[in-house]
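Please open the model in your viewer and keep the sequence panel beside it. The tour below goes from one selection to the next.

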Amino acid sequence: GSCSIINVKPGRIGGYLEARRIHDLARAHGVALWCGGMLETGIGRAANLALAALPGFTLPGDTSASRRYYATDITTPFELREGHLDVPTGPGIGIDPIPDILEEVTTSTEWITL
């Protein structure tokens, strides 16, 4: 009885696979969840919104519009609509970076051969 709410911040718990495991465990035990952010760019924000849309996340999270944190983001800005953010619906995480802006802020790249 010592836990009734869990704040899941993917960046602090080992990523989205661990976040999903926590979601599933909490849901199985009737523990409420909310998704927390850590000033992510649009890429991380999109992934957080997808996580927060899972059925176990029943409490409001702390994701917000991009402009609250960045004058220019590397994705199309996320905008609040009546206090809510839309979950991206595209393939993968639902959103793509803007190539020119991504190139401008990229400091290095590395190709890993599989």
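Is E79 buried, partly exposed or exposed? This is a predicted model, and in it E79 has a relative accessible area of 39%.

**Salt bridges**

R67 counts as exposed, at 54% relative accessibility.

The structure holds 5 salt bridges. Another one of them joins D86 to R81, where the closest N and O atoms are 2.8 Å apart. D86 is partly exposed at a relative accessible area of 43%, whereas R81, at 55%, counts as exposed.

Next, select D62 and K9. Their salt bridge has its closest N and O atoms 4.0 Å apart. This pair links distant parts of the chain: D62 is in the loop between α3 and α4 (99-105), K9 is in the loop between β1 and α1, and 53 residues separate them. D62 is partly exposed, with a relative accessible area of 32%.

**Helix α3**

Now select residues 42-52, which make up helix α3. Of its 11 residues, 8 are buried, so the helix is mostly covered. To see which ones, colour G42, G44, R45, A46, A47, N48, L49 and L51. Then show what they pack against: β1 (5-8), α1 (10-13), α2 (16-28) and β2 (32-35).

Stay on α3 and pick out L51, one of its buried residues. Which residues does L51 contact, leaving aside its neighbours within four places in sequence? They are V8, P10, Y16, A19, C35 and F57.

**Nonpolar cores**

The largest nonpolar core has 9 residues: V8, A19, A26, V31, L33, C35, L51, L54 and F57. Apart from it lies another core, of 5 residues, which include A46, F78, L85 and I95. In soluble globular proteins, nonpolar side chains tend to be buried together.

Notes:
Residues are numbered from 1 along each chain as its sequence is written. This is a predicted model: local features need pLDDT of at least 70, side-chain atom pairs count only at pLDDT 80 or more; totals for chains, interfaces and linings use all residues. Side-chain values use heavy atoms; hydrogens and water are left out. Buried means under 20% relative accessible area, exposed over 50%, partly exposed in between (1.4 Å probe, protein chains only). Helices (H or I, at least four residues) and strands (E, at least two) are DSSP runs, numbered from the N terminus. Contact means heavy atoms within 4.5 Å. A salt bridge is a side-chain nitrogen of Lys or Arg within 4 Å of a carboxyl oxygen of Asp or Glu. A nonpolar core is a set of buried Ala, Val, Leu, Ile, Met, Phe, Trp, Tyr and Cys residues joined through side-chain atoms within 4.5 Å.
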